[in-house]
Structure formats: structure tokens, C-alpha cells
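Please consider the model shown below, and follow the account of its helix contacts, aromatic rings and individual residues.

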Amino acid sequence: MPPLFFIHGMWSRPTVFATLRQELAAAGCASFAPTLPGHDVPPGSPPPAGLGRLRLQEYVGSLRRDFEALGTPAILVGHSLGGLLAQLLAADIGTERVRGMVLLATAPSAQAHFQASSLSSVKAVIGMMCRWGWWSEPTKPSPEVVRESVFNGVNEEEARQGIAEITWDSGAVLAQISAPFLDLSNGSRVAYGRCRQPALVIAGSEDRIVPATVSRATARMLAAAGAQVDFEMWPGVGHWLFHDAVRPRLAAALTRFAASLG
């Protein structure tokens with residue numbers, strides 16, 4: 001099976017994949033999980049200098065260097081912001097080295113932005129956008145917002161552990177995703193014509209921060225570009241797919257997908 005290249009989401013870290021990767025390793029599936037720039041500080045630390053001004057382009061450039069260091073074709077697996085980054089990276093690298101993509105509750109590309117708005121998703125980010133200059137400063141949601149929007153449906157102990165791992169992220173990246181029409185660099189626009197790898201797109205019906213309509217629209221655009229796409233809507237599941245009640249199902253889906261690609 002091709003190895004899996006995990007890409008974590010906004011305000012997150014690669015540690016979110018730790019237990020999942022152990023379970024995949026036991027099933028014979030190798031994996032890698034790089035850290036996005038500025039996300040390697042310990043929990044509770046102040047934001048690194050310059051983080052707020054980093055853009056999607058810098059994140060993709062860093063991921064490309066990590067991917068090329070593998071020296072072997074792999075499957076991209078991205079959660080939330082990581083799903084958008086996986087699409088951008090796949091379009092940048094091409095089909096020969098990116099064997100496939102798994103998009104988990106993916107953040108919207110510029111083309112899918114019209115599907116991204118909902119009352120719950122707006123509530124999740126509005127508090128960070130009320131201060132002048134947020135678009136070039138580090139951002140981090142409050143524990144209360146994270147509990148309601150990301151960890152709904154997760155038991156209290158696992159939610160507390162996840163909230164403790166939340167870290168700073170780039171205001172510039174948040175702006176590129178939330179207002180792509182103001183981004184002259186078109187940083188969140190995906191060249192879907194270059195994303196023809198087989199893809200598995202998974203969304204939770206109860207996702208409160210990235211509506212499942214984003215994943216559905218993304219799957220349709222990938223299919224329209226000529227990719228073989230499987231779309232799965234998981235009833236009763238929220239944005240967080242890595243807790244004990246859902247993770248075994250995710251591990252099985254990833255193993256099946258990797259095995260299907262040889």
C-alpha cells in the first residue's frame with residue numbers, strides 16, 4: 001500500500017493523528033505527519049513571530065518540501081484546512097507522485113466558498129474577526145467556541161484533551177479561506193484540472209464549523225475534473241473524526257482506500 005501523508009487542520013497539530021497512525025501501522029499502512037509552519041510550539045505558548053502573516057502559499061511550499069523528502073509516491077490525507085492544502089498540493093505536484101487523496105471535513109476552496117456559510121460556522125470564527133488587523137495577526141479560538149464547533153459529539157474527556165492541544169494559526173490564512181474574493185493572489189483557488197487522482201471525501205452530517213455541503217461540492221468538482229471520487233456522509237458525526245467513537249471507522253476507510261491503490 002502507498003504510505004499516507006497526513007496534513008492537520010487549522011489551530012491544530014499532527015499529534016491529532018497519533019492514535020490513528022498507530023492503528024494504521026498495525027494494519028501494515030505506513031504514514032507521515034508533518035507540522036505546518038509555526039505550529040511546532042508547545043501548548044499554551046505564545047504565537048511565533050510572523051505566524052499571523054503566513055499565507056496558504058507558504059503552507060503548501062512547506063508541505064511540498066516534506067512530501068518530496070519522502071522520495072516515494074503517497075496518498076494525501078487532509079483534515080479541515082488540511083483538506084484544502086491537500087488539494088492545493090496535489091494540483092502542484094501532479095498525479096505521478098500523489099497516488100490519491102482523502103479529504104476529511106475539508107475546508108472550502110475558493111470555488112466551494114459559496115457552500116461554506118452557516119450560522120454555526122460563522123459563530124465559530126466571528127469572535128476572532130472583531131479586532132482590526134486580525135487578517136495579519138495570529139488567531140486562536142476560545143475553548144468554549146472549540147468545544148461547541150469542533151468537538152460536538154465528543155465525550156468530555158476526549159474533548160478536554162483535544163482543546164488543550166489547540167494552537168495559534170495564521171490570520172492571513174483564515175482571511176484567504178473566509179474571504180477569497182478579497183485575495184488577489186487566489187491562494188485558495190484549486191486547479192481542479194490537475195487533481196485527477198482517486199479521492200475519498202468524508203464529511204460528518206453534524207459538522208458545525210465546515211458544513212458538509214463543502215465536502216459534497218468538492219467531491220463534485222473533483223469528479224467533474226475526471227477524478228474517480230467516493231463521497232461518504234457519516235450521519236451523526238461532527239467535525240472531529242479522531243475520537244474513540246469514530247476513529248476505528250476512519251482507520252478502516254483509510255486502509256481500504258490505500259489497499260485499493262495497491
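In helix H2, the residues Leu-56, Tyr-59, Val-60, Leu-63, Arg-64 and Phe-67 meet Leu-81, Leu-84, Leu-85, Leu-88, Leu-89, Asp-92 and Ile-93 of helix H3, where contact means heavy atoms within 4.5 Å. By class, this contact of H2 with H3 comprises eleven nonpolar, no polar and two charged residues. Here Ala, Val, Leu, Ile, Met, Phe, Trp, Tyr, Cys and Pro count as nonpolar, Asp, Glu, Lys and Arg as charged, and the others, Gly among them, as polar. Helices (H or I, at least four residues) and strands (E, at least two) are DSSP runs, numbered from the N terminus.

The model is predicted: local features need pLDDT of at least 70, side-chain atom pairs count only at pLDDT 80 or more, and totals for chains, interfaces and linings use all residues. Residues are numbered from 1 along each chain as its sequence is written, and side-chain values use heavy atoms, with hydrogens and water left out.

Two packed helices are described by the angle between their axes and the distance between the axes. Helix H2 (residues 56-70) packs against helix H3 (residues 81-93) at an angle of about 65°, and their axes are 10 Å apart. H2 is therefore roughly perpendicular to H3. Axes are lines fitted to C-alpha atoms, for helices over the stretch in contact, and angles run from 0 to 180 degrees between N-to-C directions. Angles under 35 degrees count as roughly parallel, over 145 as roughly antiparallel, 65 to 115 as roughly perpendicular and the rest as oblique. The crossing of H2 past H3 is right-handed; a crossing is left-handed if the near helix is turned anticlockwise from the far one by less than a right angle, and right-handed if clockwise.

Val-173, a residue of helix H7, touches residues that include Leu-56, Tyr-59 and Leu-81, not counting residues up to four places away in sequence. Val-173 is buried because its relative accessibility is 0%; buried means under 20% relative accessible area, exposed over 50%, and partly exposed in between (1.4 Å probe, protein chains only). Arg-55 is also among the residues that Val-173 touches, and the C-alpha atoms of the two are separated by 5.0 Å although they are 118 residues apart along the chain.

Thr-19, Leu-20, Glu-23 and Leu-24 of H1 meet Arg-247, Leu-250, Ala-251, Leu-254 and Thr-255 of H9. That contact has five nonpolar, two polar and two charged residues.

In the loop between strand E1 (4-7) and H1 lies Trp-11. This residue has a positive phi of about 60° although it is not a glycine, and Trp-11 is buried, at 7% relative accessible area.

How many aromatic pairs does a search of the whole structure find? The search finds seven. Rings of Phe, Tyr and Trp (its six-membered ring) pair if their centres lie within 6.5 Å; planes under 30 degrees apart count as stacked, over 60 as edge-to-face and the rest as tilted. Trp-132 and Trp-135 form an edge-to-face pair, 4.7 Å centre to centre with 85° between the planes. Trp-134 and Trp-135 also pair edge-to-face, at 6.0 Å and 80°. Trp-132 is exposed at 74% relative accessible area, whereas Trp-134 is buried at 12%.
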